[in-house]
Amino acid sequence: MDLTIIVIYLAAMVAFGWWGKSRTSDSADFLVAGRRLGPVLYTGTMSALVLGGASTVGGVALGYEYGISGAWLVAAIALGVLALSLFFAGRIQRLRIYTVAQMLELRYGVGATAASGLVMVAYTLMLAVTSTMAYATVFNVLFGTDRWLSVLIGGAIVVIYSAIGGMWSITLTDMVQFALKTIGVFFLLLPFTWSHAGGLEGIKERAGDSVFDLDAIGTGTIITYIVVYTFGMLIGQDIWQRVFTARSPQVARWGGTASGVYCLLYGVAGALIGAAASTFMTVDDRNDVYATIAQSILPVGVSGLVLAAAVAAMMSTASGALIATATVARTDVQPLLARLVGRTPEPVQDEAENPEHDVRSNRIYVVAVGIAVVVISSLLTDVVSALTIAYDILVGGLLVPILGGFVWRRGTGAGAVAAMATGTVATLGTMAIVGDVLANEPVYAGLVVSAVAYVLVSLLTRPTEPAVMREWTGRLAGEEATAAPAAVEAI
């Protein structure tokens, strides 16, 4: 029964991907769902994206070890979604762009900022790889297949539905995944686990009041989560690409706020599940708690839904990272590499002249990136270090020039490039000095050095050209905004 549920879920993902194809006619449809998602679809797809395997399986694992304090990981993600939605999402949506690097070039008028696309590709690619490896591990247990075959099966499904209809297909599959995660965590896993543990009194009797200590995980860890994950939510291409899908600044702001609140509740639920499980089971690896609960205390069929929820969490992150990598590769990296070898970059968005050709080109990039993700996931057993390096460079090198562009008009292109370069060097240099890529110091050093370089170089160089600033402020004011089709605005 459980295996049947998983197979039905996987088949449904392909079916919804095919349904999304009918809504995809040009590049805007493929990359950003036509920029016309309403509040329900926007909230669901944003929540599905940010709540991946680390938030679901990892959140329960942290709750098992630290009690309610294990919620801080997902809480940091929720804070990032809330901050992005309340302070930046409306302005980001008005820019009518496709990538973070395009925002930097629009704001500063300096083509050198396109180099940020290289960092973004590394980050989103590793995010896709880690998510693929995560759900492949679940398939190993469920189907008894070899690791490479599990990666191939899961990767093929994600690539197929992502390539068929792009962001529209991903949005529709995300809504299914969002529903599965909600049912699996809030309505099945949480009540069953708490009942098995004897409720609140039973948990207190067996584990003591320390299980409800918010600081049990450690202040230093909490700060690190906020610096890495909260700030990372503000500038990641995969997150911004969801913001671009909103039909209006209001949807981006309030739909994202609803998503942030949902994420916070999700994190608390996961920690409570883990805390309850710690009173009646022992595991060698805390990351096995989620699957062990599903297989040991849940009825057949119910456990299949809960396991499908875990797979859904991982696949939603993988598909979001996949299309983000393909978008940056085509929009930013391909033109940058062409200029470096002395060639004229080919147009990226030519849908006005030949929309079918442009969709086909984007589809090819998604398939190519998907193949790379499957190959890397099959060959590697641990990419945590690579993902950490990419995440540290993302925050240490890009956070300051990106957010600085929104909040400080005096920031210049030279300051942005200096911040990117020095922040990246400081992050990698500190990593080499400390000798541990998982240490906290590199990202802190990168942020400080990047901020100093941004301010000093901006003050020492000429202000951004008035024409560039007029274009920037005009975009922020929504001068190029267009109304969404009436048929979709009701969603």
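Me: Are D29 and R36 buried or exposed in this model?

Reply: In this structure, which is a predicted model, D29 and R36 are both buried. Side chains of opposite charge can pair when their charged atoms come close. Here the side chains of D29 and R36 meet in a salt bridge, with an N to O distance of 2.9 Å.

Me: How many salt bridges does the structure hold, and which residue forms a salt bridge with E65?

Reply: The structure holds six salt bridges, and one of them joins E65 to R286, whose closest N and O atoms are 2.4 Å apart. Because E65 belongs to helix α4 (residues 53–66) while R286 sits in the loop between α12 (249–277) and α13 (289–296), the pair ties together parts that are 221 residues apart in sequence. E65 is partly exposed, with a relative accessible area of 42%, and R286 also counts as partly exposed, at 31% relative accessibility.

Me: What is the N to O distance in the salt bridge between R462 and E465, and is R462 buried or exposed?

Reply: The side chains of R462 and E465 meet at 3.9 Å, N to O, a value to be read against the cut-off of 4 Å for a salt bridge. R462 counts as exposed, at 67% relative accessibility, whereas E465 is partly exposed, with a relative accessible area of 43%.

Me: Turning to nonpolar residues, which of them have the most contacts inside the largest nonpolar core?

Reply: The largest nonpolar core has 143 residues, and those with the most contacts inside it are V50, M103, W240, M315, I402 and F406. Helix α14 (residues 302–340) gives the most to this core, contributing 17 residues. A second, separate core has six residues, among them L73, A76, I217 and I222.

Me: Where does I402 lie, and which residues does I402 touch?

Reply: I402 is placed in helix α16 (residues 384–407) and counts as buried because its relative accessibility is 0%, under the 20% cut-off. Leaving aside residues up to four places away in sequence, I402 touches V100, M103, L104, I235 and W240.

Me: Which residues make the nonpolar surface patch of about 430 Å²?

Reply: That patch is made by V367, I371, V375, L379 and L380. V375 has its place in helix α15 (residues 355–379) and, at 43% relative accessibility, counts as partly exposed.

Me: With which side chain does the side chain of T145 make a polar contact?

Reply: The side chain of T145 makes a polar contact with the side chain of S150, at 2.5 Å. T145 lies in the loop between α7 (116–143) and α8 (147–196), and this loop residue is buried, with a relative accessible area of 18%.

How values were computed
Residues numbered from 1 in each chain as written. Predicted model: local features only at pLDDT ≥ 70, side-chain atom pairs only at ≥ 80, totals over all residues. Heavy atoms only, no water. Helix = DSSP H or I, 4+ residues; strand = E, 2+ residues; numbered from the N terminus. Buried < 20%, exposed > 50% of the residue type's maximum accessible area, 1.4 Å probe, protein only. Polar contact = N/O pair within 3.5 Å; in protein donor to acceptor, adjacent residues only side chain to side chain. Patch = residues over 30% accessible without salt bridge, like charges linked within 9 Å, V, L, I, M, F, W, Y side chains within 5 Å. Areas by Shrake-Rupley, 256 points an atom, 1.4 Å probe, with all protein chains shown as cover. Core = buried A, V, L, I, M, F, W, Y, C linked by side-chain atoms within 4.5 Å. Contact = heavy atoms within 4.5 Å.
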